[in-house]
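Keep the model open as you read. The walk goes from one contact to the next.

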Amino acid sequence: QVQLVESGGGLAQAGGSLRLSCAASGSIFSIDAMGWYRQGPGKQRELVAESITGGGTRTADSVKGRFTISRDHARNTVALQMNSLKPEDTAVYYCNARGGISTITSFNVWGAGTQVAVST
C-alpha cells in the first residue's frame, strides 16, 4: 500500500502565497510521477503541475509563472509553491503519485485533498 499525506493550504488573499507539501510512504519500489491536481466548485479535476521522473515537469497554462513544483526524489515528497494567487485558484488540491510497488505491480494513488481558498 502507498499513502500520500498532504499539508499546507488554507486561506490567502489575492496576490498572496501558499505552499502545499505531500509525502508518499509505504511499499514504494519506484515513482514515475508526483504532482498536484485541483478541483474547483462545479468543475472537473484538472492537472496543476506534475514532476515526471527523468522527464521534467508538466504545468497548466493557467498557473505558469505563478506556481512552482519541486520534488525531493530521495524523500518521495513533492511541494507546490503558489504565488500571485487569484480567486480562481480556489479549489481542493489533491496530491497524486504513480509508480510501482514492484517491477510488475503499479500504483496510482491520491491524497485526501487540501482546501485552498483565495479571497479578493
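A charge sits over a ring if NZ of Lys or CZ of Arg is within 6 Å of the ring centre and within 35 degrees of the ring normal. The model shown here is predicted. In it, the charged end of Arg45 sits over the ring of Tyr94, 3.7 Å from the ring centre. The charged end of Arg45 also sits over the ring of Trp110, at 4.5 Å from the centre.

Stay with Trp110. The structure holds one aromatic pair. Its members are Tyr37 and Trp110, arranged edge-to-face. The centres are 5.0 Å apart, and the planes make an angle of 70°. Tyr37 belongs to strand 4 (residues 30-39) and Trp110 to strand 10 (residues 106-110), so the pair ties together parts that are 73 residues apart in sequence. How exposed are the two partners? Tyr37 is buried, with a relative accessible area of 14%. Trp110 is partly exposed, with a relative accessible area of 38%.

Now the covalent link. The structure holds one disulfide. It joins Cys22 and Cys95, with the sulfur atoms 2.1 Å apart. Cys22 lies in strand 3 (residues 18-26) and Cys95 in strand 9 (residues 91-100), so this link ties together parts that are 73 residues apart in sequence. The link of Cys22 and Cys95 is left-handed, with -85° about the S-S bond. Both Cys22 and Cys95 are buried.

Strand 9 leads on to strand 11. These two strands pair in the antiparallel sense over three bridges. Tyr93 stands opposite Thr114 of strand 11. Strand 11 also pairs with strand 2 (residues 10-13), here in the parallel sense and over four bridges. In strand 11, Ala117 stands opposite Leu11.

One last stop is Ser51, in strand 5 (residues 46-52). Is Ser51 buried or exposed? Ser51 is buried, with a relative accessible area of 8%; the cut-off for buried is under 20%. Leaving aside residues up to four places away in sequence, Ser51 touches Asp32, Ala33, Met34, Gly56, Thr57, Ile69 and Arg71.

Key. Residues are numbered from 1 along each chain as its sequence is written. This is a predicted model: local features need pLDDT of at least 70, side-chain atom pairs count only at pLDDT 80 or more; totals for chains, interfaces and linings use all residues. Side-chain values use heavy atoms; hydrogens and water are left out. A disulfide is a pair of cysteine sulfur atoms within 2.5 Å. Buried means under 20% relative accessible area, exposed over 50%, partly exposed in between (1.4 Å probe, protein chains only). Contact means heavy atoms within 4.5 Å. Rings of Phe, Tyr and Trp (its six-membered ring) pair if their centres lie within 6.5 Å; planes under 30 degrees apart count as stacked, over 60 as edge-to-face and the rest as tilted. Two strands pair if DSSP finds at least two bridges between them.
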